[in-house]
Amino acid sequence: MSQFVDFALATAAGFHMCTQQIKTQAPLQRSTVLSACVCGLTLQKECVVTSERLRRRTALFDSHFWRMDTAEFRRRGKEMVDYVADYLENIEKRQVYPDVEPGYLRALIPEEAPEQPETYEDVVKDIERVVMPGITHWHSPYFFAYFPTANSFPAILADMLSGAIGCVGFSWAASPACTELETVMLDWLGKMLNLPEEFLAGTKGKGGGVIQGTASEATLVALLAARCRMVKRILSDDPERPEADIISKLVAYSSDQAHSSVERAGLIGGVRMKKIPTDFKFSVRGEALRKVLEEDKAAGLIPFYFCATLGTTPSCAFDCITEIGPICNTEGIWMHIDAAYAGSAFICPEFRPLLDGVEFADSFNFNPHKWLLVNFDCSTMWVKNRTDIIAAFKMDPLYLKHDHQESGLVTDYRHWQIPLGRRFRSLKMWFVFRMYGLRGLQDHIRKHVALAKEFEALVRVDERFQISADVVLGLVCFRLKGSNDLNEALLKRINSARRIHLVPCQLSGRFVLRFAVCARTTESRHVQEAWAHITQLATELLRQFPQ
């Protein structure tokens with residue numbers, strides 16, 4: 001635009017000079033006329049060029065390239081659904097683990113965002129060129145690493161709707177349906193799990209459920225609520241005692257098999273965290289906890305929080321909460337249960353006994369986004385007394401207040417979590433629960449457990465291998481009989497081949513391979529193929545390094 005102005009001014013000056021000479025009847029010099037003519041031709045040319053540029057730019061900004069209207073969205077949305085469906089339908093044909101080096105992506109895209117809009121077609125082309133080469137395909141039936149991350153078509157559709165509604169449900173007033181559906185879905189799920197009534201909101205209950213982003217958040221929220229409760233309890237008896245002195249003596253506990261996020265919660269909460277040793281089944285028992293508590297109280301420390309794990313990350317072990325719970329209740333210690341992976345299985349009656357002792361807990365959490373077909377993120381948490389958690393997080397600036405907040409009839413979930421904003425995540429639960437039903441969800445869990453048992457049987461038949469922990473749900477821990485170095489070498493070969501993907505753990509000082517049944521579409525043939533691949537690589541390794 002500035003070029004157009006410059007040319008226009010220059011040309012106008014030339015014509016002005018000619019006009020003045022004509023008005024004064026001054027003789028026109030040949031050079032002046034020529035200059036004016038050249039200037040005029042230049043103006044005409046530049047006007048044409050600049051006009052074309054302006055036309056193109058206007059057309060571009062008026063087009064669907066930068067502002068997608070409803071008609072364009074319908075078309076592109078259908079195309080994206082087809083892309084997603086094709087991706088998931090054919091995912092097992094893709095290499096499960098990417099073959100890229102750190103920093104691969106930067107070289108594939110410009111250093112800066114484009115100044116001008118690009119076409120939707122160009123963006124979509126770059127999905128396969130830029131993004132997919134660096135994707136670990138968690139929903140491939142050849143992905144056996146970590147734990148599952150849930151995926152289902154109803155949940156994907158619900159996420160689309162959540163994104164379209166786009167509410168930020170920090171309070172009931174911010175979007176009543178967002179709050180109320182979450183409360184009801186947590187009650188639905190609590191009843192599927194047969195949780196004690198105290199954990200359900202109902203219409204009169206003192207407890208209730210909330211969706212957190214991850215189990216890590218739930219662990220931290222519970223720890224901070226427990227810290228607040230203990231500090232208030234001590235100050236009520238000793239009002240003159242400095243709060244800093246109390247916090248300096250607080251101590252929290254977890255299993256030595258607990259997830260690293262539990263230790264991180266202690267770091268964030270500013271309290272010391274102690275790990276309780278486990279037994280031969282990697283479970284915390286009551287006597288082990290009692291012994292440490294007595295030692296710490298004798299040293300002037302204040303036990304206030306224990307995080308029990310049901311389904312540990314390394315081996316899917318279960319702390320003995322029927323022994324731990326009564327001790328925590330007697331000592332006034334907040335017991336939080338982290339069942340991030342295993343919790344989904346408790347909807348099956350045959351696995352519900354693994355949750356026995358939950359009646360002693362102050363809070364309970366698991367991740368439907370791991371194993372209950374609800375896409376990430378959706379980590380469900382229940383508390384027995386919601387005033388404990390609200391007291392730790394409640395902040396009420398004027399701009400967040402609304403007419404119904406003190407009525408006792410509504411929940412403002414901003415007081416139940418660390419962030420203020422929250423997505424409409426309960427829609428995913430609503431869609432999945434209704435379209436699968438309890439029976440369908442139970443079938444999904446049982447299928448994965450059966451596939452894990454199938455893999456366990458294959459391992460036990462091969463005398464070169466050993467099972468390293470009880471197979472309770474969908475995880476099998478196994479290793480070659482031999483050194484840690486040998487098993488590290490086997491895992492390296494497995495993952496370097498990129499046909500399947502596994503991760504390790506350490507149990508009693510031993511390097512162990514973990515085989516977790518993860519994908520919704522995993523079938524027996526995938527388990528059989530995985531085992532055939534593992535044994536082939538093991539045979540080659542043992543030939544090279546005989547034991």
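**Model.** I worked from a predicted model.

**Cores.** The largest one has 107 residues. Phe 306, Phe 364 and Phe 478 are the residues with the most contacts inside this core. I then checked which element supplies the largest share of this core, and found helix α14 (residues 426-461), with 11 residues. Apart from this core lies another, of 30 residues, and Val 221, Leu 224, Ala 225 and Trp 416 are among them. As background, I note that nonpolar side chains tend to be buried together in soluble globular proteins.

**Sheet.** I traced an open sheet of 7 strands, ordered β1-β7-β6-β5-β4-β2-β3, with mixed pairing. Its edge strands are β1 (208-212) and β3 (272-276), each of which pairs on one side only. From one strand to the next, the twist averages 20°. I also looked at one pair inside the sheet: β5 (residues 334-338) and β6 (residues 363-366) pair in the parallel sense, over 3 bridges. As a reminder to myself, strands of a sheet pair through backbone hydrogen bonds, either parallel or antiparallel.

**Helix on the sheet.** I asked which strands helix α6 (residues 176-192) lies across. They are β1, β6 and β7 (379-383), and the helix runs at about 85° to β7.

**Phe 364.** I came back to this residue from the core list. Phe 364 in β6 is the bridge partner of Ile 337. I listed its contacts, leaving aside neighbours within four places in sequence. Among them are Leu 193, Leu 195, His 336, Ile 337, Phe 346, Met 381 and Trp 382.

**Aromatic pairs.** How many aromatic pairs are there? I have the count at 17.

**Charges over rings.** I noted two arginines here. Arg 514 lies over the face of Phe 147, 4.9 Å from the ring centre. Arg 520 lies over the face of Phe 153, at 5.1 Å from the ring centre.

Definitions and conventions:
Residues numbered from 1 in each chain as written. Predicted model: local features only at pLDDT ≥ 70, side-chain atom pairs only at ≥ 80, totals over all residues. Heavy atoms only, no water. Core = buried A, V, L, I, M, F, W, Y, C linked by side-chain atoms within 4.5 Å. Buried < 20%, exposed > 50% of the residue type's maximum accessible area, 1.4 Å probe, protein only. Helix = DSSP H or I, 4+ residues; strand = E, 2+ residues; numbered from the N terminus. Contact = heavy atoms within 4.5 Å. Pairing = 2+ DSSP bridges. Axes fitted to C-alpha atoms, helices over the stretch in contact; angles between N-to-C directions. Phe/Tyr/Trp six-rings, centres within 6.5 Å; stacked < 30°, edge-to-face > 60°. Lys NZ or Arg CZ within 6 Å of the ring centre and 35° of its normal.
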